[in-house]
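Here are my comments on the model you sent.

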Amino acid sequence: MNLTESLRFAWRGVTANKVRSALTMLGVLIGVAAVIVLVAVGNGASRSVTSTLSSLGTNTLTVTPGTSTTSGLLGLRRTEVSTGTEAGTRTRPASLTSEDAAALADPRLATDVTAAAAVVSPAGVVATYSGASHQIASTIGTTSTYLAISNDQVSAGRTFTATDEQAHARVVLVGTSVAEALGVEPAEALLGHDIELNGTPFTVIGILVEKGSAGARDSDDRVIAPLTAVQDRISGYGDLSSIAVQAGSADTVTDAQAQVEAILDQRHRTSSEDRDFTVITSASMLSAASSITGTLTIMLGAIAAISLLVGGIGVMNIMLVTVTERTREIGVRKAIGADRSEIILQFLIEATLLSVIGGLAGMALGALLCQVRIAGFQLVIDPWSVLIAFGFALAVGLFFGIYPATRAAALRPIDALRHE
């Protein structure tokens with residue numbers, strides 16, 4: 001019997017019980033779609049995080065108080081504040097000050113640093129406007145150089161200047177999500193109006209350029225105001241949350257980091273063994289993000305592959321039932337001259353058809369589901385994940401079809417003909 005005839009017999013077997021075949025293919029369909037979608041989730045998350053970090057620029061550094069452990073990154077990175085640093089007989093708590101920021105901005109001390117900005121980030125700040133209120137996700141008090149360091153801009157209005165800082169001017173730059181939460185659309189309509197931050201009026205002078213969302217984090221739910229005004233009215237004159245630093249170029253980031261560490265070591269009377277601060281480069285954050293999201297993608301793909309394996313078990317189960325139901329048919333075929341290889345080929349093709357049809361349907365469903373945004377980012381289909389998922393589905397059909405096929409081929413014609 002040739003291959004065409006084997007295909008015809010296999011197709012007749014698949015279509016003989018349409019509902020059962022459809023349910024069997026459904027297991028493979030779900031498995032293939034799950035692999036494609038979950039790998040796309042990992043890729044989408046990776047691209048979103050990478051885009052967010054890349055927008056900061058490749059020549060930026062962030063100095064935070066305390067020592068750190070690399071258990072995450074940027075929100076993924078956990079900072080453990082040290083209890084203090086020994087300086088002779090006294091213990092000084094880990095902290096950063098405006099004087100530290102000024103020292104880092106001194107071109108005589110740090111030749112590879114082009115700018116440094118002190119940053120305070122008070123939590124729980126509530127914005128109020130015309131009866132509407134909103135708790136802001138990110139409130140930043142900083143200097144006029146911060147926007148250039150963080151590669152940020154305003155889409156309307158103007159930024160605050162060094163003169164505004166010196167005058168302790170209560171002015172503010174507002175993100176589009178804040179304006180929307182306060183019931184103002186378009187956001188530009190807020191320009192020139194006062195909003196209250198924890199009860200203190202600040203005049204809106206600029207609308208920040210939209211940055212979109214990074215996962216569940218809304219990057220536009222933020223306000224930026226002069227450091228002096230925020231310290232006067234909101235945070236108080238305590239320690240800084242961080243210092244943003246800009247190196248001359250991506251090639252001088254390593255030199256700039258060494259200079260920053262040397263300056264702060266001298267000011268804090270610390271060394272590389274007992275530093276009470278951490279310098280994080282955008283490149284290190286990007287590397288950590290890529291590593292973590294890559295691991296996440298592999299884990300999600302592996303979890304989805306388990307469902308595909310379960311679908312393969314379903315194929316074998318149905319094929320075993322099929323062999324039992326068609327025992328007499330197998331006996332008749334063997335009695336009229338069909339050999340062992342022809343019987344094996346027929347049932348292998350039948351199992352493979354179930355997997356291939358289910359795999360193709362799963363590819364279509366996976367591609368459709370990947371058009372949906374999840375957790376604020378767009379899913380990104382990996383062509384290799386599609387090919388691997390389909391190839392695995394095909395392999396599953398072949399592997400789990402071997403045992404039922406060999407079992408059918410092993411039946412003795414006389415026993416098969418007597419089967420009721």
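This is a predicted model: local features need pLDDT of at least 70, side-chain atom pairs count only at pLDDT 80 or more; totals for chains, interfaces and linings use all residues.

**Notes on the model**

1. Start with the surface. Glu 210 is exposed, with a relative accessible area of 59%. Glu 210 sits in the loop that connects β13 (200-208) and β14 (213-214). Together with Glu 180, Glu 185 and Glu 188, Glu 210 forms a negative surface patch.

2. The protein chain holds 13 helices and 20 strands. It has 420 residues, and 47% of them count as buried. Its accessible surface is about 20000 Å². Carbon and sulfur atoms supply 59% of that surface. Take the contacts with a separation of 6 or more: 77% of them are between residues 24 or more positions apart.

3. A nonpolar patch. Val 19, Leu 23, Leu 26 and Ile 30 make a nonpolar surface patch of about 390 Å². Leu 23 belongs to helix α2 (residues 18-54). Leu 23 counts as exposed because its relative accessibility is 57%, and the cut-off is over 50%. On spacing in general: an α-helix has 3.6 residues a turn, so residues three or four places apart point the same way.

4. Ile 306 lies in helix α9 (residues 282-325). Its relative accessible area is 52%, so Ile 306 is exposed. Ile 306 and Val 35 are 271 residues apart in sequence, yet their C-alpha atoms are 9.2 Å apart in space.

5. A buried strand residue. How accessible is Thr 142? Thr 142 has 0% relative accessibility, so it counts as buried. Thr 142 is part of strand β9 (residues 138-142). Leaving out residues up to four places away in sequence, Thr 142 touches Ala 117, Ala 118, Val 119, Phe 160, Ile 224, Ala 225, Pro 226 and Leu 227.

6. Helix α7. Leu 227 is also one of the buried residues of helix α7 (residues 227-235). Gly 236 follows α7 and has a positive phi, near 80°.

7. In one of them, the side chains of Asp 100 and Arg 267 meet at 2.6 Å, N to O. This pair links distant parts of the chain, 167 residues apart: Asp 100 is in helix α3 (residues 98-104) and Arg 267 in helix α8 (residues 253-268). Asp 100 is buried at 2% relative accessibility. Arg 267 is partly exposed at 40%.

8. Asp 106 and Arg 108 form a salt bridge at 3.0 Å, N to O. Arg 108 is exposed, at 73%.

9. Asp 152 and Lys 211 form a salt bridge at 3.8 Å, N to O. Asp 152 lies in the loop between α4 (146-149) and β10 (154-157), and Lys 211 in the loop between β13 and β14, so the pair ties together parts 59 residues apart in sequence. Asp 152 counts as buried at 9% relative accessibility, while Lys 211 is partly exposed at 35%. Salt bridges with shared partners join Asp 152, Lys 211 and Arg 222 into one network.

Methods:
Residues are numbered from 1 along each chain as its sequence is written. Side-chain values use heavy atoms; hydrogens and water are left out. Patches are made of residues with over 30% relative accessible area and no salt bridge: like charges are joined within 9 Å, nonpolar side chains (Val, Leu, Ile, Met, Phe, Trp, Tyr) within 5 Å. Accessible areas come from the Shrake-Rupley method with a 1.4 Å probe; for residues, only the protein chains shown count as cover. A salt bridge is a side-chain nitrogen of Lys or Arg within 4 Å of a carboxyl oxygen of Asp or Glu. Lys and Arg count as positive and Asp and Glu as negative; His and the chain ends are not counted. The place of a charge is taken as NZ of Lys, CZ of Arg, CG of Asp or CD of Glu. Helices (H or I, at least four residues) and strands (E, at least two) are DSSP runs, numbered from the N terminus. Buried means under 20% relative accessible area, exposed over 50%, partly exposed in between (1.4 Å probe, protein chains only). Contact means heavy atoms within 4.5 Å.
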